Protein chains: 4
Amino acid sequence: MNQHRNGPVRSAAAREAVLAATTRLFHEQGYDKLTIEGIAREAGVGKQTIYRWWSSRGAVIADCLAEGRLFPVEFEVPDSGQLLPDIEHWLSTVLAVLDARNGGELVRSLVAAAAEDPAVGTSLSERLGVERSLAARLERAVHDGQLPANAPIDQIGESILGAIIVRALSRQSDSGEPLRRLVRFLFAPSGPARR
Amino acid sequence: MNQHRNGPVRSAAAREAVLAATTRLFHEQGYDKLTIEGIAREAGVGKQTIYRWWSSRGAVIADCLAEGRLFPVEFEVPDSGQLLPDIEHWLSTVLAVLDARNGGELVRSLVAAAAEDPAVGTSLSERLGVERSLAARLERAVHDGQLPANAPIDQIGESILGAIIVRALSRQSDSGEPLRRLVRFLFAPSGPARR
Amino acid sequence: MNQHRNGPVRSAAAREAVLAATTRLFHEQGYDKLTIEGIAREAGVGKQTIYRWWSSRGAVIADCLAEGRLFPVEFEVPDSGQLLPDIEHWLSTVLAVLDARNGGELVRSLVAAAAEDPAVGTSLSERLGVERSLAARLERAVHDGQLPANAPIDQIGESILGAIIVRALSRQSDSGEPLRRLVRFLFAPSGPARR
Amino acid sequence: MNQHRNGPVRSAAAREAVLAATTRLFHEQGYDKLTIEGIAREAGVGKQTIYRWWSSRGAVIADCLAEGRLFPVEFEVPDSGQLLPDIEHWLSTVLAVLDARNGGELVRSLVAAAAEDPAVGTSLSERLGVERSLAARLERAVHDGQLPANAPIDQIGESILGAIIVRALSRQSDSGEPLRRLVRFLFAPSGPARR
DNA sequence: GAATAAGCGAGACGGTACGTCTAGTCTTATT
DNA sequence: AATAAGACTAGACGTACCGTCTCGCTTATTC
């Protein structure tokens with residue numbers, strides 16, 4: 001980080017170093033032990049450089065999220081024509097990634113960050129594909145007739161994401177089966193007669 | 001806290017002062033500006049007294065929650081026999097309370113606290129009546145046949161709570177109508193799953 | 001000449017702006033709050049322009065001193081033939097100028113600058129006319145026989161200047177009468193040493 | 001410094017460590033490179049402890065001075081009955097001490113400190129014995145008739161101290177002979193006829 | 001009249017220190 | 001033995017400057 005500097009335009013090297021260091025520290029220690037000083041130290045960057053370009057700790061995390069540095073993959077909901085299997089596939093992917101990297105801790109950190117900084121919440125939701133991919137898939141399901149015309153698409157997505165969050169907050173480590181039961185309840189192909 | 005205390009047993013006055021001060025500061029400034037020093041100052045109490053009886057900032061909040069100092073009322077789900085109206089009534093009560101006291105900020109603070117401290121999450125969920133009252137009501141709905149026998153009761157509660165949280169985290173201030181649409185979808189006479 | 005260079009030469013406007021800004025800030029805030037960044041800002045000049053032409057903060061002050069920007073007048077010791085009145089006249093002028101512009105603070109600032117940068121000390125002494133004018137006058141007094149042949153001219157000047165400095169450092173604001181008593185003692189017709 | 005702490009009364013150990021560290025750093029690096037953080041680091045003390053008990057960098061130095069940590073000895077003016085030899089003896093002692101420990105740098109540092117903080121000036125003057133011992137000796141000389149009755153005692157002392165300072169500020173390293181000439185001029189036992 | 005090269009305002013950069021705040025531990029005197 | 005008070009080390013906060021650097025522009029000199 002002390003090689004080529006570019007002068008009075010923003011240094012791409014510094015930006016990269018900050019985001020890389022933040023990603024590393026975030027995974028190692030979690031959000032509440034993440035400090036601006038720590039990032040600067042780890043990145044070999046002056047504190048002012050961070051304060052110059054990011055408004056808060058959360059803003060840095062939001063950038064990391066937006067660039068896919070915290071999750072390695074895109075979460076796409078496939079479209080096989082059948083709603084429930086598609087959603088289950090997406091959910092499995094999400095849970096696999098979360099569990100692989102000490103998911104509870106990761107989600108809690110992200111939630112803490114989101115509670116502090118709006119941008120993180122937005123980025124997180126986008127990154128998990130809730131809006132872009134999940135909502136789009138549900139939209140198509142409405143067109144297919146697999147969901148009723150008045151189904152509250154966004155809220156369904158939020159409720160699934162919310163259930164993931166609540167599960168993380170309550171420190172349950174149950175391999176995700178309950179969440180699968182939830183989506184099965186929501187999207188059962190042949191809804192059991194209920195009344 | 002400048003009263004006369006009587007020696008070597010735990011001071012009820014100190015406990016009361018701490019919880020009262022915490023409640024006040026939490027409402028005024030939110031969780032992330034809540035500090036042990038601030039509580040001690042406000043309560044007129046030595047820091048050590050707090051450290052002696054509570055393990056962390058979150059533990060104090062959890063105590064406040066458990067004693068109903070953060071929410072003034074109990075959230076009970078009524079049982080009129082009809083599931084959907086009962087749930088909607090409960091949801092309206094919850095939203096009314098949240099909106100009344102700058103709810104978004106309050107929920108975000110609670111979520112931040114829960115992300116840091118497990119006890120807070122548990123207390124919060126209990127306090128909102130999700131487990132005790134909501135889950136019990138859903139249980140009865142299963143017996144009634146208003147919900148299918150295999151309905152994932154706990155997860156349904158968590159998904160509603162989660163939706164409230166996600167809504168708060170994304171700073172939407174939409175008067176709760178979307179959440180009402182969600183519960184209508186979940187508990188509509190025909191059920192969310194349909195074919 | 002083997003060294004012909006092209007391009008613009010030193011900008012007189014920039015030099016002028018720097019010295020003017022420095023003078024202004026020095027008088028307003030004193031030496032220890034004088035910063036290169038502050039000067040550059042005030043002068044509307046790039047920092048590099050200052051670093052290119054001056055080696056240090058002190059060097060800029062020394063330039064200001066040398067150009068008479070910090071003291072408005074020359075301090076000349078008159079030569080009426082009578083030593084003591086001449087010196088008293090010079091001293092009165094110096095004290096008048098110092099007292100007029102919050103002299104204690106000014107002297108302290110100059111002393112601080114001199115302690116940091118040798119050039120300032122030299123400039124200061126020159127500017128006050130200690131060497132040029134006071135020492136010359138004393139020299140003439142030796143020739144006149146008003147001072148003994150072996151009188152340590154330079155040291156006498158330094159001791160007067162030093163007394164002014166000590167007085168400023170100890171924050172006495174005594175209208176200069178004590179200093180007048182000192183020079184009367186030094187240059188009384190009978191001399192300081194007497195038996 | 002992490003051994004015995006004394007509780008909510010001022011820690012003598014911390015005070016000692018701070019003053020010792022300050023003395024060390026002051027001699028090694030001079031006043032302008034002396035920082036609160038540096039002192040805290042060297043002393044193994046929290047910064048707040050310094051800010052709690054001293055109002056500024058200068059105040060710490062003043063304490064060091066007052067306790068004789070910067071100069072190892074007391075500077076006493078002897079009283080043999082003969083003024084000039086007594087003063088010369090005192091001056092030799094002072095100069096010896098100053099030269100022994102890179103005196104110019106030391107005096108400049110002290111002057112810079114005094115320019116910033118009044119207490120340092122006072123302490124310095126006291127420490128060198130200017131007031132206590134030198135002025136007292138001159139007083140006695142007045143009684144003896146070795147100095148005229150109206151001799152400005154304090155100013156004479158200040159002028160000698162001032163000459164030492166000016167000499168240090170102008171970076172002359174002349175072994176002190178000029179200063180000896182000055183005091184000889186001031187206190188010559190048999191003042192040469194001058195006019 | 002182009003090409004060249006220095007000076008210029010601007011300001012980003014890695015750093016260091018500032019003075020403040022809180023964490024969590026420990027000691028004192030009091031009750 | 002618990003308390004209110006508060007000193008202690010440690011370290012992060014966000015700000016201010018340091019001295020170096022690079023950028024794009026302007027300007028004078030040389031080819």
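These legends walk through several close-up views of a predicted model. Local features in this predicted model need pLDDT of at least 70, side-chain atom pairs count only at pLDDT 80 or more, and totals for chains, interfaces and linings use all residues. Residues are numbered from 1 along each chain as its sequence is written, chains are lettered from A and ligands numbered from 1 in the order in which they are written, and side-chain values use heavy atoms, leaving out hydrogens and water.

**View 1. Chain A from end to end.** Chain A is built with 10 helices and 0 strands, where helices (H or I, at least four residues) and strands (E, at least two) are DSSP runs numbered from the N terminus. Its C-alpha trace spans about 65 × 35 × 25 Å along the principal axes. Of its 195 residues, 53% count as buried; buried means under 20% relative accessible area, exposed means over 50%, and partly exposed is in between (1.4 Å probe, protein chains only).

View 2. An unreviewed UniProt entry lists residues 12–72 of chain A as "domain: HTH tetR-type". That span is 70% helix and 0% strand, and its end C-alpha atoms lie 21 Å apart. The UniProt annotation "DNA-binding region", also from an unreviewed entry, covers residues 35–54 of chain A. Here the figures are 75% helix and 0% strand, with the end C-alpha atoms 13 Å apart. UniProt positions are given in the numbering used here, feature names are shortened, and annotations may be inferred rather than shown by experiment.

**View 3. Helix α9 of chain A.** D154(A) is found in helix α9 (residues 153–169), and R167(A) is found in helix α9 too. D154(A) is partly exposed at a relative accessible area of 41%, whereas R167(A) is buried at 8%.

View 4. Side chains of opposite charge can pair when their charged atoms come close. A salt bridge (a side-chain nitrogen of Lys or Arg within 4 Å of a carboxyl oxygen of Asp or Glu) joins D79(A) and R140(A), whose closest N and O atoms are 2.3 Å apart. D79(A) sits in the loop between α4 (57–66) and α5 (83–100), R140(A) in helix α8 (residues 130–144), and the two are 61 residues apart. Both count as partly exposed: D79(A) at 43% relative accessibility, R140(A) at 33%.

**View 5. Helix to helix in chain B.** R57(B) and E116(B) meet in a salt bridge at 3.0 Å, N to O. Because R57(B) lies in helix α4 (residues 57–66) and E116(B) in helix α6 (residues 103–116), the pair ties together parts that are 59 residues apart in sequence. R57(B) counts as buried at 18% relative accessibility, while E116(B) is partly exposed at 37%.

**View 6. About one turn in chain C.** R180(C) forms a salt bridge with E177(C), closest N and O atoms 3.8 Å apart. They are separated by about one helical turn because they are 3 residues apart in helix α10 (residues 177–187).
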